[in-house]
Amino acid sequence: KINDFAKIDATPEFDRKVLANNLAKSYLLQFCRFGFFNTDPHPGNLAVKTSAASPGGQLIFYDFGQACQLEPGQQQGIQNCIESIIDLGE
């Protein structure tokens, strides 16, 4: 599970910062590019595994039984919000 920190920390192939960045990127892609996202991301629906193709660990999403399709205007609104937050840092 994604919240088994002891196991993640004990596995040299896992890097929590990489996993966190990949999780954030995954949701940004779901929201902004694909407009379709998993609305039930609790620890039972997220896991990690070692993978030569994904240094730091590969995310596994389970159970897309609860998902949402965004309208293009909603996707654009999310992008605008993210851009505004980024602009605040400048």
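These legends describe close-up views of one predicted model. Residues are numbered from 1 along each chain as its sequence is written, and side-chain values use heavy atoms, with hydrogens and water left out. Local features need pLDDT of at least 70, and side-chain atom pairs count only at pLDDT 80 or more, while totals for chains, interfaces and linings use all residues.

View 1. Helices (H or I, at least four residues) and strands (E, at least two) are DSSP runs, numbered from the N terminus. Along the sequence the pattern reads α-α-β-β-β-β-α. The C-alpha atoms fill a box of roughly 40 × 40 × 20 Å, taken along the principal axes. The chain exposes about 6100 Å², and carbon and sulfur atoms supply 57% of that area. Accessible areas come from the Shrake-Rupley method with a 1.4 Å probe; for residues, only the protein chains shown count as cover. Of the 90 residues, 24% are buried. Buried means under 20% relative accessible area, exposed over 50%, and partly exposed in between (1.4 Å probe, protein chains only). Among contacts with a separation of 6 or more, 65% join residues 24 or more positions apart. Contact means heavy atoms within 4.5 Å.

**View 2. Seven residues make up the largest nonpolar core.** They are Ile 2, Ile 8, Phe 14, Leu 19, Leu 46, Val 48 and Leu 59. Such a core is a set of buried Ala, Val, Leu, Ile, Met, Phe, Trp, Tyr and Cys residues joined through side-chain atoms within 4.5 Å. In soluble globular proteins, nonpolar side chains tend to be buried together. Not counting residues up to four places away in sequence, Leu 59 touches Ile 2, Leu 19, Asn 22, Leu 23, Ala 47 and Val 48.

**View 3. Tyr 27, Phe 31, Phe 37 and Phe 61 form one aromatic cluster.** The structure holds three aromatic pairs. One of them joins Phe 31 and Phe 37 edge-to-face, at 4.7 Å centre to centre and with 70° between the planes. Rings of Phe, Tyr and Trp (its six-membered ring) pair if their centres lie within 6.5 Å; planes under 30 degrees apart count as stacked, over 60 as edge-to-face and the rest as tilted. Phe 37 is buried because its relative accessible area is 14%. Phe 31, at 21%, counts as partly exposed.

**View 4. Leu 29, Phe 34, Phe 36 and Phe 64 form a nonpolar surface patch.** Together they have about 380 Å² of accessible area. Patches are made of residues with over 30% relative accessible area and no salt bridge: like charges are joined within 9 Å, nonpolar side chains (Val, Leu, Ile, Met, Phe, Trp, Tyr) within 5 Å. Leu 29 lies in helix α2 (residues 16–34). Phe 34 lies in helix α2 too. Leu 29 is partly exposed at 36% relative accessibility, whereas Phe 34 is exposed at 52%. Leaving aside neighbours within four places in sequence, Phe 34 contacts Leu 29, Gln 69 and Gln 75.

**View 5. Arg 16 and Asp 9 form a salt bridge.** The closest N and O atoms are 2.8 Å apart. A search of the whole structure finds one salt bridge. The term means a side-chain nitrogen of Lys or Arg within 4 Å of a carboxyl oxygen of Asp or Glu. Arg 16 counts as partly exposed, at 41% relative accessibility.
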